[in-house]
Every structure is written in structure tokens, then in C-alpha cells.
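Please read them beside the sequence and the coordinates.

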Amino acid sequence: MNHLSSLYEQLRPPASLPGPGYFADQAKQVVFTLKGAVSLLCAAASLQPCSTSLLSSSTTSSKSQHHESNGRHPSELPYYGLSPPFYPTPIANGTSSSRWSSAYQHALSLTSQMTVFELQNLTRGYPGPCVGNTGAVPRFSIPSLCFYDGPSGVRGQELASAFPAGIHLAATWDSHLMYRYGRAVGAEYRGKGVHIALGPLAGPLGRVAKGGRNWEGLGSDPYLAGVGMGRIVEGVQGEGVIATAKHFLLNEQEYRRRWAQDAPGGEGHAISANVGDRALREYVWPFMDALKSGAAAVMCGYNRVNQSYACQNSKLLNGVLKTELGFEGFVVSDWDGQMSGVSSANAGLDVVMPRDGFWGEKLIEAVKNGTVAEERLNDMATRVLAAWLYTGQDDGTYPPVGVAPGGQLPDPVDVQEDHADLIREIGAAGTVLVKNVNGTLPLIKPKFLTIYGYDAIVKSTPWENPDRYGGGYDVSRGWTTFNGTLITGGGSGSSTPPYVVSPFEALSARVRADRGMLRWDFHSVNPSQQYLNADACLVFINAYASEMSDRSALSDAFSDDLVENIASWCARTIVVVHAAGIRLVDPWISHPNVTAVLMAGLPGQESGNSLVDILYGDVTPSGRLPYTIAKKESGYGHLLNPSTGQKDGGDPFFPEDNFVEGLHIDYRFFDLHEIEPRFEFGFGLSYTSFSYSDLEIHVSIAPWVEEIMPSFAATRLAEFPDPDTPIVQGGHPDLWETLFVVRCSIENTGEKYEASEVAQLYVGIPSEEDQEGEENETPVRQLRGFKRVGPLAPGEEGQAKFELTRRDLSVWDVEAQQWRLRRGEYKVWVGASSRDLRLNGTFEI
């Protein structure tokens, strides 16, 4: 008990709370009872619940008992308290907006009348038709709430669409398309009677190049991912469906992502992402956008953060999410991601899925014996009901649940509407042209095309698992490629298309309409027949990734050999790569006969049609890479592979990964280490050219206001947000105020093609080099804006306008525990990628 006594002293309420005054009142001092103190000490450790010697058996984890038996496993005590404790959980009250306030008034009127059993019934899962089903409260007409996968559409059900994956949507760099995507996905969820959609996703952010789930997210930059998260949430919840921002937080690899997975001997904790306070906010950033847009649910991940499981990490849930960001909704565990009972409840978890986990009757007992406060249980249930009411699902018009395990219902609801058109549009908009020489593309009514590669056609047997196109974890683990055209990745975020338009099908239709001819070979690595009269040779390859395992490589020999073999004789070889993330191309990218290359992503069910729209010039390519493609794997340094968790002689039972790079992932890592990429973040070609001119930078406040009210103007550029302004969902309101506006002109300087340009704004925040090492050094450039300009006809000019908010220009100050506007010179660049920077300027704060 000596160690516990020491922890108790550390947890005693301080005389004055550190950090910004704006949430000091919310972080009220904890009054300890004997049981409460022990409970909170164990929750602070957030590894496992307390043993039976400290708490009643009803709150003890079987895993914890196993760990503590006969000393076979190393002690957890050295890891206690490494994630700072933050208690109690803030009680939500709906102060963020009038809409939240109304929802909370109604929710509180209901929960105040409920029994303890009814309250806990809303915090747990039951068997049912959905992947997750809460309990119901019939006497108040509260239904069982239905949770369903995934971010790119209703998975595993009949007559539902397969939308492009998140990484493909990110490659559009189009906020309007992101909103329309969210709206369409939300409409299909609503049509199926799903109350809570399990998406969008910005965790993983894409720190690890080989990360198995990077494809589900929205790119490897927090700003780009944040715009996507915010716009998708707006769209989904605009249809009255609760959007779930996930996975909170730092779930950046699949290897050892959860208890016992991949562990030696089948036992051991999940990987711990050990991250500094400032770098932590980079991964929080996209979630801020989701919350600002009203996200009513957040899912916590399987992994540990600073040695504390994410679903019982009080710093993350109570401190960052519910206090710093003012989250009004509920936190749901990833499926079977709860690792304790009392600890997770006190740390801020609100709902456990898919069953009762360590809660259910045990949660009721914990409330009765005082280890979980009754106010905490009330808050859990109230948050769930408030989210349900906030999205208007109580108005009597919400459709009944129309999903079922296996997807086979007697009369399935068709929710596809006209979404195929949007899917096709996004598929084309997210296709990135990275090479085009000798006028290879667009194709102008070619008479003779040859088609090669396994990715050109649909897989012959894709339904081994009816819920997952291409196969489930039992067959897909370890795949580097997919034996058929790749439209989605694997795992819970995959889709189940009603049909797939393959590249071969779409090309056949186009060639047939032009009265041309085709030859093909889908399986040979070195086709024996050479068609020397072909106008062009198209080679289709892919790169697969899935939940449950990280990628083993960023390329494969068969595909590379295929490209080189075709290019050895075909003077116009066009390579199309469908990829679930980064795919290296250096073995053949410089081959003189490889004259065009398209990174075609994961485009969803209309794949072939989207591609042909680009190939034939019906749509001019405007997609941009949402990540960096290196020349070789070593270019990613320590960010290439998932961590084994045993660096520097670490304990394999407590694997950990130290995020020593701080803010420097993807293009920031390449910039810091002066590594020349093959294709940089934000890169993408067009069939035309653009010029940039007339950069202007203005303070957003009108000059006459600054002249008449200088104190007001000065306050807007104060170092820190106003400490007297209440926090609302999404963070301090001052963070979202526009401080500067940047404009420039963009002209289509080509002669033939109408096209859109994606202008990108990068900001250099002043450094404080005397205080910083690599771990928290400020990147030389950070994306802080993008704008799709056009379509512009040849010779036509348009304007890009970027609004820079306080958050865009601030850094997280670890001492003040607040976003801070540094004093000094800020640099601004506008260009076509993170390295193709056409204009530059500065301003002072």
C-alpha cells in the first residue's frame, strides 16, 4: 500500500489548479471517501481495475486477477499515474448552444424519473439486429438505439451503397464534396433505421506509413483531416443520424492494438502511445472540428495512451474531451474495448459495447456501494438521451431498424437513391494524376487498347464473408494485394457494394461505343503476346490494407514486375494503382515507356466509371495526395513500421511506442530531415496548367474598428483566449475566430481543358528555438487552408480566399495549458502542393 499512499498524496486536490482559468471552475476538487479514493487511485493508473482486496469483487476485472496471480507477470505499479489523472467527470448541461440546451432540458426531465436499472440500461449493449444495441426504456418510449458500421456506408446490408473510403475522399481536397458525402451516407443510415453511425474516422491519423487502417481516415495532416471530419459530421447529422468521431485517441497501428493481440504467448497489454502534451493536440485537432460541427458521439480506442487504456484514460476523456473541448455527447467504447468497470466509469466512459462488459448489474452495485457516484451514472444516461434528442430522433418520424446480421431481411429497404452519381463524382475527384508525359492522357478515341493486371476485373469469389467485400479477418490477414479490383479496404470499415463497375467493364463500354478493340491478360506477370499496334497499354495493380494487421510492405514484387514487363515493349504504358494508402513506385516510375500514372485510391462501387471519366478527359484530374510517397521505404525513418513495443529493452508485457517525432509526421518529417520525396503531400497534376498571382494578407478586423476601438483589436490578438469566456463544444470560442484573411488569384493558363485547381495555404509559425528540441519543435510549414478554385475555362481567372483562425496560428503551450499566439513573424505560402509553393508573404503578431 506504500505506492498507493504515494499516489493518494499526488491525487489530493491542490490549493490552486494549474492551467487556464476558463476550466478551473469545472475541474472542481474531489472529495475523497475511503472507497472513492481507492477507486480513483486505481482509475488514475487506468491499467486494470483494483484487486478484490481493495474493491468489491463486482468491480474486479478477470484480467486483473489473472495478472496478479502467482507473480508470473511483471508489476503494473511502475506505470501508474504516467497519464495525469483528471477527476471527476464534468457533468454536461447543454450550455454549448440553444439546441444542446433544449436537448438537455428534455433529457434531464427523463433521467430524473428513471430507476437505477433504467439508467444503466442506456449505458450498455445487448444482442440485437445491429452491431451495437443499447437497452430500451419502454415506459418513456425510448427505443433500443442501433449502432452500425462503417465510415463509408452501411456495411453488410442489401440495397445499400459502397461509398469511396475516407482516404479517397481526402484526396479530393474538396470540402463541399465532403459535406455531400456525409449527407448521402447519413441518408442511407437513416433509411435503414440506424441511430448511430460509427464514423467518421481520424484515428489513425496516419503516423505510421504501414498502418493497417490509414485508408479509413482522412489523410496524414490534422488540418486536412479536421476539415473532412467537420464536414462529414455536418452532413451525417444533417440527416438526423448521430455521427461517431473515432478512434479517440492515438490508435496509430494495428500491431498489439489491444490486450493479448499479437502478444508473445497470447498475453500482454495493448501498445501504449507515449506522447507529449503538445503533440497530443495534433491528434486531437481533427476531433475538435468534429465537435465544433456538433458530433454527438465519440468512440475511444483499444490502445493505451501514456500507459493508460484509452477507454479509461481520465486525462483524455475527462480532461481533454469533456473539459477542454466541452463535449456534450457520449463516449462509447470500441467493441470489447472496455478494460475495467469502476475505472472506466469514473474516467468518463458513458456507453460500453457490444454487451455489458464490466458494467450491467456490476455498475448498479458500484453505484450502490459508492465506488461510482450516482451523479456519474445519471450523467452517462443523460448524455445518451441528449444526443438522441439533439439529432431529433424522438419526433416520431424516424424509420424502424432495417438491418440484420448477415443482411438478409424478407423485405430489405432500398436506400441507394441516386448516390451512385455522387460516388462516381467523388471517385473521379479523388483520383490523383502523378505522371503524364508525351500527351499520353487524356485518351482521344483510341482504337486499340490492351489491359493487364489482376486489378482490372472484379474478384471471382469476393463473398467468403457476406459482411466484408473480399473477405474477413480470417482470410485477409497479411494480404499485400487484392486479387480483383480494389474499391475498399478490409475490416469493420469496409463496404459491401450492391455491384462493382470494374475498370475492364467501363473501358469495354467506352471502347465498344468508339468501335475500337481490346486485348487483355489479367493474370500473367509477363504476358507472352506483345500487341505492338496498341495505342496504349493499361496496367492495373493495387495495394491492400485491413484492420487487425498492419501492412508488411509498401509495394510488391509481382506488381512491379508486371509493370516493368509491359513497359519493356509498350511505348505508352499507363499504370493505374488502386491503393489503401501509400504505394511506392520507384522501380518503374522513371521508365521512359511508363508515360502516365494514376493513383486511383479506393473509389467505391463506381470505380471503373470514375476512372474512365479521368482517362478520357470527361473530367480533368484535380485530386491531390493526402500523404507523402517516398522514393523508398527508408525515407519514412522510424515512422515506416508499427512499433513492436520493445525498443531500448522495453518490457514486452507492456509494449510502448514513444512519439519522439512530436509534430513531425508525413511531409513535416520529410521537411525536417530534408528528404526528397517521390511525390509530396498535396501533389497532383492536371491536363492544364495554372498560374498564381496577387497574394494579399489582411487582418480580418476592419480598419475603422481598429482605429475607433484599439483595445478590442488588441484583445483579438492577445496571446491567449479570453479566460472569462465559457467553453463550448469544440473548445474555446476564440479559437474559431478569423484573425487574418489571405487571398490570391489563380488563372487557367492552358489552351484546351476546363479544370479546377486546389490551392493550398501553408503557414510558418515563429519558433522559440531556445526552448525547443525535436520532440516539440515547430514544423517549418503546416497546412492551414485549401480551396478548390474553378472549374476555370482556359484563360479564366478565379480567386482563392483563406481564413486563418486563432487556432490555425496558435501552438499548444504546455505550461499555460492553453493555445497560445506567439509573438513574431508568421510566414505564408500558397501553392499547388507542400513543396510547389508559388507565392509567399509574411505578417507580424
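Predicted model: local features only at pLDDT ≥ 70, side-chain atom pairs only at ≥ 80, totals over all residues.

1. Residues are numbered from 1 along each chain as its sequence is written, and side-chain values use heavy atoms, with hydrogens and water left out.

2. The structure holds 11 cavities of 30 Å³ or more. A cavity here is a set of points, on a 1 Å grid over the protein atoms alone, where a 1.4 Å probe fits but cannot get out. Volume is the space filled by probe spheres set on the points, which are joined across faces, edges and corners. The largest cavity has about 120 Å³ of space.

3. The largest cavity is lined by 18 residues, lining residues being those with an atom within 4 Å of a point. Nearest its centre lie Ile-167, Gly-206, Asn-214, Ser-220 and Tyr-627. By class the lining has 10 nonpolar, six polar and two charged residues; Ala, Val, Leu, Ile, Met, Phe, Trp, Tyr, Cys and Pro count as nonpolar, Asp, Glu, Lys and Arg as charged, and the others, Gly among them, as polar.

4. Helices are DSSP runs of H or I with at least four residues, strands are runs of E with at least two, and both are numbered from the N terminus. Helix α9 (residues 277-292) has 16 residues and reaches 21 Å from first to last C-alpha, close to the 22 Å expected at 1.5 Å times one less than its number of residues.

5. In α9, 14 of the 16 residues are buried, meaning under 20% relative accessible area with a 1.4 Å probe and protein chains only. Gly-294, which follows α9, has a positive phi near 100°.

6. Which elements do the buried residues of α18 pack against? They pack against α14, α16, β13, β14 and β15. In α18 (residues 607-615), nine of nine residues are buried.

7. Gly-329 sits in the loop between α10 and β9. Gly-329 counts as buried because its relative accessibility is 0%. Beyond residues up to four places away in sequence, Gly-329 touches Trp-100, Ala-296, Asp-350, Arg-383 and Gln-729, contact meaning heavy atoms within 4.5 Å. Thr-382 is 53 residues from Gly-329 in sequence and 9.0 Å away, C-alpha to C-alpha.

Definitions and conventions: 1 Å grid on protein atoms, 1.4 Å probe; cavity = no way out; pocket = protein on both sides within 12 Å on 5 of 7 lines; lining within 4 Å. Buried < 20%, exposed > 50% of the residue type's maximum accessible area, 1.4 Å probe, protein only.
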